[in-house]
Structure formats: C-alpha cells, structure tokens
2 protein chains.
Amino acid sequence: LAASSGQQKMSENGVVPRAKVLTIDTMNPTVKNVEYAVRGPIVARAVELERELSEGMKKPFAEVIKANIGDAHAMGQQPITFFRQVLALCSYPELLNDSTFPEDAKSRAYRILQSCGGNSMGSYSASQGIDSVRQDVAHYIERRDGGVPCDPDNIYLTTGASDGIMTMLKLLVCGEGATRTGVMISIPQYPLYSAALAELGAVQINYYLNEEKCWSLDISELQRALDEARHYCSPRALCIINPGNPTGQVQSRQCIEDVIRFAAKERLFLMADEVYQDNVYAEGCQFHSFKKVLFEMGPEYSNTVELASFHSTSKCYMGECGFRGGYMEVMNMDDEVKAQLTKLLSVRLCPPVPGQALMDLVVNPPQPGEPSYDNFIKERTATLSALAEKAKLTEQVLNTVQGISCNPVQGAMYSFPHITIPEKAIKEAMEQGQQPDMFYCMKMLEETGICLVPGSGFGQKEGTYHFRMTILPPIDKLQILLIKVKEFHQKFTQQYS
Amino acid sequence: LAASSGQQKMSENGVVPRAKVLTIDTMNPTVKNVEYAVRGPIVARAVELERELSEGMKKPFAEVIKANIGDAHAMGQQPITFFRQVLALCSYPELLNDSTFPEDAKSRAYRILQSCGGNSMGSYSASQGIDSVRQDVAHYIERRDGGVPCDPDNIYLTTGASDGIMTMLKLLVCGEGATRTGVMISIPQYPLYSAALAELGAVQINYYLNEEKCWSLDISELQRALDEARHYCSPRALCIINPGNPTGQVQSRQCIEDVIRFAAKERLFLMADEVYQDNVYAEGCQFHSFKKVLFEMGPEYSNTVELASFHSTSKCYMGECGFRGGYMEVMNMDDEVKAQLTKLLSVRLCPPVPGQALMDLVVNPPQPGEPSYDNFIKERTATLSALAEKAKLTEQVLNTVQGISCNPVQGAMYSFPHITIPEKAIKEAMEQGQQPDMFYCMKMLEETGICLVPGSGFGQKEGTYHFRMTILPPIDKLQILLIKVKEFHQKFTQQYS
C-alpha cells in the first residue's frame, strides 16, 4: 500500500530502513491540497535571507522587511498599555497589591479572575468561552450596532478568528459529488478560506471583486458564480470579508443589504469576516456590520437569514495576534446545530484564556472617568491615525509608478495593487514553473529584502498580476520601502522589456 | 434538500421563517458522530445545578464538586510562582524595571521577548513555534532521556496536546471503505481520540487494557484487535496514553519495548500521549518515554519506527490548562510529510504565544543557584507529593466499598474504579435509554453534587461499569468526597437490590 515512496536506501549504519508508514503518497490527500501563500515559499526564503544576513553574508540590502503579513507588533506597533497591565495582573495576581497599577486595570483583572475556575487563568474555561466575557462581547455588539439586541448565548469565543471560520465551515460541509457543499468566496480572498475548503474537501466557488470599481462586490457576479456552481455542487454558504483582505475596500451599506437579500433568496448561510471593523480610513467610508444591516431589514430577513460574524484581537488598533483571541456571533442558527457546535468545541476544551481575557478588554475598554481612559484613547487614536496616514501614503506612492495601479486603501491593513509584468518576464517565469507574480516577488525579495505576497496566493482575474503589501511598517520605514518597490519595479520592467 | 427539519412555524411577529440552510439533517455528518463525555450532558447538568444553588434553590448538597476533568487550578491547585512572574513580565515588559521581581524571572522574560517579533507576545510566532522555545524543548528531552539526541526541527509547538494529536491524526487519514485508515486506541481511552477519529471519518480500532492486571497492555490483545481490523480497514497508527488516562497505570519499560516491536512488525505509526510524564506516584513505577526506549533498541528501530510524542502545560505539577501550551516531537517522519505538516499548521498562523512562553518555562525551569530555584522546587514538590497522597487515599477508600474495586492510581490524575451496578438499576437505566453508569453518575450528581464521568464515555469491556474521578480536590475535600461516594454507592446498591 505505502511502498511507492519508500525508497530502500541504506542508512549510515548499514540498516535498511523499513518503508515509512506515512509518506507524501499515503498521507491525507485533502491536506496536500491545502495552500497558504501568506506563509508560503516566499516567507521561507525571507527567513533564510535573515539568517544569512545575521551570519554576515553580503546582500544588496541591510535588512529583510516582512510586509507579507498583518503582524502589527512585529512591525513595531506598541501594545495598548491598559490591556497589557490587566494581562500582567491576571497572570500574576500578587500585582493586585502593587500601587503602581491603575485601579481600573485592577478591577478589570479582578473581574476576569473571578470568572475563572479557582480564580486562575490556568483553569479551563467553558468551551464556548468565559460567561462574563461573552456577556461583555454581547454588550459591545449592542453598542456598536446602535442597540440591536445581542444574546450572549450566540457568542462563541475562539482561538483567533481563523478557528471560528474553520469551525463554521466544518459544520457546513456535507454530501458527495454533485451534492458536495459549495462555499462562495471572493477573489481575491484571504487564503484561510481556500485552505479550509481544501482541507474539508468542500467546493470553492469563486466570485470576482470588481477591481475597476475599487474592489466592489457586484450582485450580478455573485449570481453568475452561483448559477454556474449549481451544476456541479450544492452551494450553501457565502463568505464576505469586510473591510476587505487583501483588497482593502469597505463595503457600502447598500451593498451589504443587497448581499443579504441575495443570500436570503438563494438560501445561503452568510459568513461575515469583520476582523478589520475598526480599520476604516477613507473619507466617506464607514463600517456597517452585517448584523446591524440584517436587523434593519426587518423580520423577514432578521428572523431568517443565518449569519455568522467573526472578530479577533489580532487586528484593528490592538494588533495582538500572538494571543489568539477572537469570537464569533451566530444569528438564526438552528438550536440543534448550536448544540452540535458546542459539542465540537468541547473536544478542544477551550480557547486560550489569556486570549479570552484580551478579547474582554477589547470589547470593554476603559470608560470616560476611569483613570486609564485618556491614555487608552491617546494610544488607540495614535495607532489608527498612523494607519490612516500610511494607507494614503501607500496608495499615493504606488500610483506614481508606471505599471502599478493601486486602488484606495479604504480599510484593513493591505494594499493590493495591480502590476504590469512584461511578456518576457512572464515567459521566463513560466519556463521556471513559477507564477509570474511569484517570480516578480521573489526577485524583489532577493534584490531589496522586501517580502510581499504574490497576488496568485489570493486569487486574481486570469492574466492580471498583483501583490499584497501590508501598510504596517512605521511611516519612515514605509516611505523607504515604497521607494524601493518603485525602483525595483522600474528596473524589473526595464530589464524585461 | 434541507426541507426535512425546516418546520414552518409562525414566528411571534407573523413572519413564516424560511427553512434553515444548516440543520441537524443537513450538517456535516462526521461532526454529529463526535462524542466527548468529559464535557457531556453530566457536566451540563452540573453547571445547571450550580446555577440553581446560586439562585438559592434547595439541594441535598451545598456545593457541586467537579471531579470530571483534570482541571487542577479550578480545584484550588496554586500556579508555580516563577512561571506566573515570567508571564507577567512578558505581558507587561515595564515590569522589567520593577525591583521586586527576581533576576532569573527577568532574564527568562527578556530572552522570550527577544525571540518575539517586535519583542512582543502580541506578534505571531513561526507556525512551528518560537525557535528558542523549540531549542529549549529539545534540550529538555535530551536531559529527560539521558542524552538521547533531539533535533529542534522535530519539535512542533501546539495549542495544548489535543491540537497536536488532532493534527497528527489528520495527516494519517486517507482511503475509503476497506482501505480507510484505522487507528488503534486503548479501551478505556481518553475521548479526544474517539472524537477526533469520528470527525475525520477514520476507523477506530479498540484494544482492551487488562483491568485484572492493573490496566496493563497485552501484546496479544493488540494482535487480536489488529488482525480483526485488517478485514475492514487499513490500520496505520497505534495510540498509547502513558501514564494512562482514564486508567492511571504506568507502563513498564518492557511493555513499551514490546509495543515498539509490535509497531515495527506491523508497520504502524506510533502516537505516544505522554502528557502525564511527571505524574508518577506508585513505588517501583517510573516514567519511560517512548523516544528513549526506541533509541535504546538500536538503529533497526530507532532509525525506522515513526513516532510522535505529545506533551502539554496542562498537567503534571503545573496544571496550566487555560494557556493551551503543548508540543509534539516527531521521529523518523518523512521529510515531505514534515513540510506538509508545517504548511497545515501555518493556516492557523501560530499556537498562542503565552502558551509557548509557558511551555518554555516548563522545559527550562529555575536552575540550582538561581534565585527562584528553592521556591520552585518547594512548590513543585508540594504539588506532586499532595497528588501522590491523594492517589493513594482514593484507591484506599474506594476499595473499602463493597461493589467498588479500584486499581492503584500509579500515575496521571484519575481513578477509574470498577463498579457493580445491580440488575434492577441496569434495567431501569435501559428503560430510560441511558447507559447504566450514566444513570448511576447522574443519580450521584443529583443526590451528592459530585460530578464524575461514566465509564461508558471512555469505553469499557461490555457488561462492566466504571466512573472516572479526578484525584485533584484538596485532600480534606477529597476525603469528604470519597466518603460521599461510598455512602451513595451503598444507598444506591440497597435501593436497587
């Protein structure tokens, strides 16, 4: 059975090894189908280059800049002081006696610890998450959505948003062949979606965002994608990322309403990835939650359309990726399915408690009048203003480059510019068995130390090429980076013309 | 398609809801097959009872005691001071200037932060885990195993051990029908295994531990189970839990050697769940790692047998379940499969960084001469001695009860006594559609407030009944609990005789 890849090589000590049980030929084929470009070969090469630099090897650059991933703290963003004070207090409650900690941080830590078994973050929580945290999440959602009610029973704390999205997709997948579950995802997409669908053996249904109209979502395109897909699978879910990743657009209220109407008409379960809900920069743009719009559309929709919305501690102004905090809210989910969901989550016991604590702070930050309020607002504003400035700068500089065309970065943390790659470069890439934009990004990495992710890792209209670049580096570094990208693009274009 | 469970009930506001997309009939069938008794209906009822008590409802007991889960801190066990100091320092590095923290805690925190992007636990780590932590894990394993070499490249940090086990099983599963992957697990087992196999649609192959011989593992039983299974599936892996959960036995060196020989002969991938490696209490018992024994068996085995071993921050003397820290070490894993494993892990980005930091402290605790050493040893010894005492007490008291028979709790954190349930009770349980030991445990919960897990949740020889009880409550509480169990059993037996 497993013989095909078990080459019988003689090992150093003269023993002929047995053929391995687990080989590339005998492993789970769905895992093999998984791809995840954000941490793919280009990042592996970037890590290698960093090591080579540190070993004193000469390179045409002094440092590798990883603009491939939305990892704010790694790019120098500072954590929110209040959050970290509370986490320290929760980790080592002796500090509750330390007079240098502000009282609101102490009372928040005390409240979190009271909700933990044995008053310790070292206890398992309920699988759905700590009760009081879920209540705070519910209150946050009610405030955010102007009073639309939220039931803490519909809140599930997760290990980052990725875990919630993966879990929801897992529930949705069934059937075989032409009845296999199909899930609609935007192209370009965040590759967690394609990876999860590959692992689950579900059918990925692509709908294309309209780059000409600032990556907007056209209902006619949804309809086209769905109608075609019905021939070969059973479409059951529609995923939206808003604000967009990698494309940075912010959906209008009208668009969201249209999407909800479409989901209702076509009987699709809606999954709204709203992890960038605080990351909106462009004038005239505003974040509208699917939950709120759904509610405003009246009972015909708000009582029927099934929706799961995802949030995270990793993005927005906090950028606390390492803690793996997140939540999902489900609406109109069948009660029996909810019970199954809770059961499924219980096998993993619970999401990390420090991440739950952090999520609690995000949804329940210092309030006016509390000692930490002013500093919290100052820190949050500084981070969000800097991001807004960097979003604008990125768009501006990239659009000065002939052969690069960049939509406004309305929100999220990325630009996803269109790049023109000369025919000669495309040919050379193909000869090397590489996607042209991978070829382009690899060359950029080797020559400039800048690590970007090729558009092919997110999906793009055939024959078009892009890269994703985070706007996270500090502004002075970002400026240098953008100039380097510009110079590289000009040189590359010249070289292959 | 989804109509079967979409009952067209009129909602309050007069709108006829659409049939739901996602119902119990249309959801992923493998998820429905998942069962996880440790957090099953009995725990749900315990939580309900706690709420009822807090609302002032009268019960025949004053408090619910959850002896269902290995959740040490929830049972009052104190965290190790040094670990929590370092975690506080990592969370809020301002504290590095605080003179009340010991220098070794500071230098440890500094080292961890140096390994984090932007010196922040809020950054993503490498998907395989922080490099320096994996190096520390490798050194720990080398010390533990008397110098057997360990390559940090073989270490993968995980979100608790559960995540590692789930991921390894995911890699192993393939085929359909009679070639579907079969995985051998002990009965009784920790239900993560059966749950994971159900979710993955793999075939569960049961081998029975020998209760008469202190839950020992007989190779002849492994052979019987395997030979039978070869008729209907493709057995590829063998899971061992040592020290045992729920059964508390500690495997002899000879037994481990025999298991390895068996795995080699039958071409099985070995999975060794060694999360209780520090929890060995019985005289004459000692923990032997599969890795060490494998190495000592010489190159014929050490260069060929594929092994994954799992460890966690949740058990042993630290009991830090909430942080979801863990690692796995793989040996003789095919290089291409390792690359696939890393890719698969990258989709989830990284394990929680605070859990990684904690894992680092567990494998690299204070050393002789460092300021925190004495206190660390004192705390660790106190916890492990108390556990040893409670293990003995549990066995002794339970064995004084007629109709309860309990093997020595040689290790881990649980007793799994055999209980005699009268015929009349069995009949009544069956009439209620309940497993007899579930019926027994539910009655015990309602009458005494003690929450145990019925043996049927772990698997047991047909016609035998058990429960799993943790030995974690503080000794005075455990004493009361054991007396209550005794009295309940006597009353129950009388009632149904």
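Modeller: Phe488(B) and Phe492(B) are both buried. Keep in mind that this is a predicted model. Both residues belong to helix H17 of chain B, which runs over residues 475-495. Phe488(B) and Phe492(B) are 4 residues apart there, about one turn of the helix.

Now the rings themselves. A search of the whole structure gives 28 aromatic pairs over all chains. Take Phe488(B) with Phe492(B): the ring centres are 5.5 Å apart and the planes meet at 35°, so this pair is tilted. Why those two values? A pair of aromatic rings is described by the distance of the centres and the angle of the planes.

Turn to chain A. Phe488(A) and Phe492(A) belong to a cluster linked by ring pairs.

In chain A, the charged end of Arg380(A) sits over the ring of Tyr317(A), 5.7 Å from the ring centre. In chain B, Arg380(B) lies over the face of Tyr317(B), and its distance from the ring centre is 5.7 Å.

Next, the two chains. Two copies of a chain are related by a rotation about an axis and a shift along it.

Now step back to chain A as a whole. Its domain assignment lists domain 1 (1-32), domain 2 (35-76 + 377-495) and domain 3 (108-363). Between the C-alpha centres of domain 1 and domain 2 of chain A there are 38 Å. An unreviewed UniProt entry annotates residues 118-471 of chain A as "domain: Aminotransferase class I/classII large". That span, residues 118-471, is 41% helix and 17% strand. Its end C-alpha atoms lie 43 Å apart.

Helix H4 of chain A, residues 103-114, holds Lys106(A). Buried means under 20% relative accessible area. Lys106(A) has 11%, so Lys106(A) is buried. Not counting residues up to four places away in sequence, Lys106(A) touches several residues, among them Leu89(A), Leu95(A), Leu96(A) and Phe101(A). Asn97(A), Asp98(A) and Ser99(A) are also touched by Lys106(A).

Key:
Residues are numbered from 1 along each chain as its sequence is written. Chains are lettered from A and ligands numbered from 1 in the order in which they are written. This is a predicted model: local features need pLDDT of at least 70, side-chain atom pairs count only at pLDDT 80 or more; totals for chains, interfaces and linings use all residues. Side-chain values use heavy atoms; hydrogens and water are left out. Domain bounds come from an automatic or database domain assignment. Helices (H or I, at least four residues) and strands (E, at least two) are DSSP runs, numbered from the N terminus. Buried means under 20% relative accessible area, exposed over 50%, partly exposed in between (1.4 Å probe, protein chains only). Contact means heavy atoms within 4.5 Å. UniProt positions are given in the numbering used here, feature names are shortened, and annotations may be inferred rather than shown by experiment. Rings of Phe, Tyr and Trp (its six-membered ring) pair if their centres lie within 6.5 Å; planes under 30 degrees apart count as stacked, over 60 as edge-to-face and the rest as tilted. A charge sits over a ring if NZ of Lys or CZ of Arg is within 6 Å of the ring centre and within 35 degrees of the ring normal.
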